[in-house]
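Please open the model in a viewer and keep the selection tool at hand.

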Amino acid sequence: MDSSSNATMPCGFLLQGFSEFPHLRPVLFLLLLAVHLATLGGNLLILVAVASVPSRPPMLLFLCQLSAIELCYTLVVVPRSLADLAAPGPGRGSPISFLGCAVQMQMFVALGGAECFLLATMAYDRYVAICHPLRYTAVVTPGLCTKLALACCLGGLAVSVGLTVAIFHLPFCGSRLLVHFFCDITALLDLACTRSYVDELPLLGACLVLLLLPSLLILSSYGAITAALRRLRSPGGRRKAASTCASHLAVTFLHYGCATFMYVRPKSSYSPRRDRTLALVYTNVTPLLYPLIYSLRNREITAAIRRVLGRGRQGQGLCGP
């Protein structure tokens, strides 16, 4: 590493963000701010709506956890990105400490991993509800839901800690300039001095645990659901059962599709600027789509949101002249 780099960045990294596009930064700031506020509002609305339901079925509890994960997921990345975009001066980027970068990456992976496990849990919930409806309340109890929710969070946390320790033990060289707006795994691996495939094994192991294993559980659950739907003679019952799975399938395809495309590939295929653009989509756009998907496709969520909004309008009417 050259002496100038050591003098300017002795124990951290430089997040380039979008500093090479000074004229686009104001527009990008306003766009990301609008999307971020809409994401926060949508997920908070789902949390309030679920909290307002007196007796919450298991699927609503899982949706509540999913919205909480999405809230934290965006808060880990977006506020700092907005602050960097709003910072005056051209500059090469925004400095971030070694520890700060490690914590950001660990939290990002932990929340993404918890969501992977949670989507598999929700697929199991749909499997029991459709394939064993008479046993559903006896099998999917509130106690089981609590244990599964906790297991999802602990599983994501364990994998994220192991992956973060492995990556931050790698030697980093050059200017330590991350062509990214947050400490993403691919950007850090691209900056590592080594070029051995062994360095990619921790990421491969994390992908196996967070993507492959939950995917197998989801596929097996929906395989059984498909077989059960084929045995249904009532077209109305078949459509009703299928509609309960539509929103979950849409979110699953979005989450696993983005994660697989971004992380299940060799280091030689990394393209920092392209990966940065894709990350802008899956850290901002997809969390915005999740509340929209569930509010449009899930009747219980739709009814709960209408009750909350109705109470708000009634409260305004009582305060009016």
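Helices (H or I, at least four residues) and strands (E, at least two) are DSSP runs, numbered from the N terminus. Residues are numbered from 1 along each chain as its sequence is written, and side-chain values use heavy atoms, with hydrogens and water left out. This is a predicted model, in which local features need pLDDT of at least 70 and side-chain atom pairs count only at pLDDT 80 or more, while totals for chains, interfaces and linings use all residues.

**Confidence**

Colour the chain by pLDDT, the predictor's confidence in each residue, from 0 to 100. The chain has a mean pLDDT of 85, and 91% of its residues reach 70 or more. Now select residues 1-10, where pLDDT stays under 50. For this stretch the model has twelve contacts beyond four places in sequence, a contact being heavy atoms within 4.5 Å. Where pLDDT is low, the predicted coordinates should not be read in detail.

**Annotated spans**

Next, select the residues that UniProt, in an unreviewed entry, lists as "transmembrane region": 27-53, 59-78, 98-120, 148-170, 203-229, 241-264 and 276-296. UniProt positions are given in the numbering used here, feature names are shortened, and annotations may be inferred rather than shown by experiment. Within residues 98-120, the span is 100% helix and 0% strand, and its end C-alpha atoms lie 33 Å apart. Residues 241-264 are 96% helix and 0% strand, with end C-alpha atoms 33 Å apart.

Select T121, which is found in helix α4 (residues 98-131). Is T121 buried or exposed? T121 counts as buried, at 10% relative accessibility; buried means under 20% relative accessible area, exposed over 50%, and partly exposed in between (1.4 Å probe, protein chains only). Show its surroundings: leaving aside residues up to four places away in sequence, T121 touches F62, L148 and C152.

**Aromatic rings**

Display the side chains of Phe, Tyr and Trp. Rings of these residues (for Trp, its six-membered ring) pair if their centres lie within 6.5 Å; planes under 30 degrees apart count as stacked, over 60 as edge-to-face and the rest as tilted. The structure holds eleven aromatic pairs. One of them joins Y73 and F108, whose ring centres are 5.0 Å apart and whose planes are at 25°, so the pair is stacked. Because Y73 lies in helix α3 (residues 58-86) and F108 in helix α4, the pair ties together parts that are 35 residues apart in sequence. Y73 is buried, with a relative accessible area of 8%, and F108 counts as buried at 5%.

Move along helix α4 to Y124 and Y127. Their ring centres are 6.2 Å apart and their planes are at 35°, so this pair is tilted. The two residues are three residues apart in helix α4, separated by about one helical turn. Y124 is partly exposed at 34% relative accessible area, and Y127 is partly exposed at 24%.

Then select F18, Y73, F108, F181, F182 and Y282, which form one aromatic cluster. A charge sits over a ring if NZ of Lys or CZ of Arg is within 6 Å of the ring centre and within 35 degrees of the ring normal. For such a case, select R176, which lies over the face of F13, at 5.7 Å from the ring centre.

**Salt bridges**

Side chains of opposite charge can pair when their charged atoms come close. A salt bridge is a side-chain nitrogen of Lys or Arg within 4 Å of a carboxyl oxygen of Asp or Glu, and by this rule the count comes to six.

Select D84 and R80 in helix α3, where the two are four residues apart and separated by about one helical turn. They form a salt bridge, with the closest N and O atoms 3.7 Å apart. R80 counts as partly exposed, at 26% relative accessibility.

Which residue forms a salt bridge with D275 at 2.7 Å? The partner is R265, that distance being between the closest N and O atoms. D275 lies in helix α10 (residues 272-282) and R265 in the loop between α9 (235-263) and α10, so the pair ties together parts that are ten residues apart in sequence. Both residues, D275 and R265, are buried.

D275 also meets R274 in a salt bridge (3.6 Å, N to O). R274 is partly exposed, with a relative accessible area of 39%, whereas D275 is buried at 2%. Elsewhere, salt bridges that share partners join E20, R273 and R276 into one network.

**Last stop**

Finally, select L309 in helix α12 (residues 299-319). L309 is partly exposed, with a relative accessible area of 39%.
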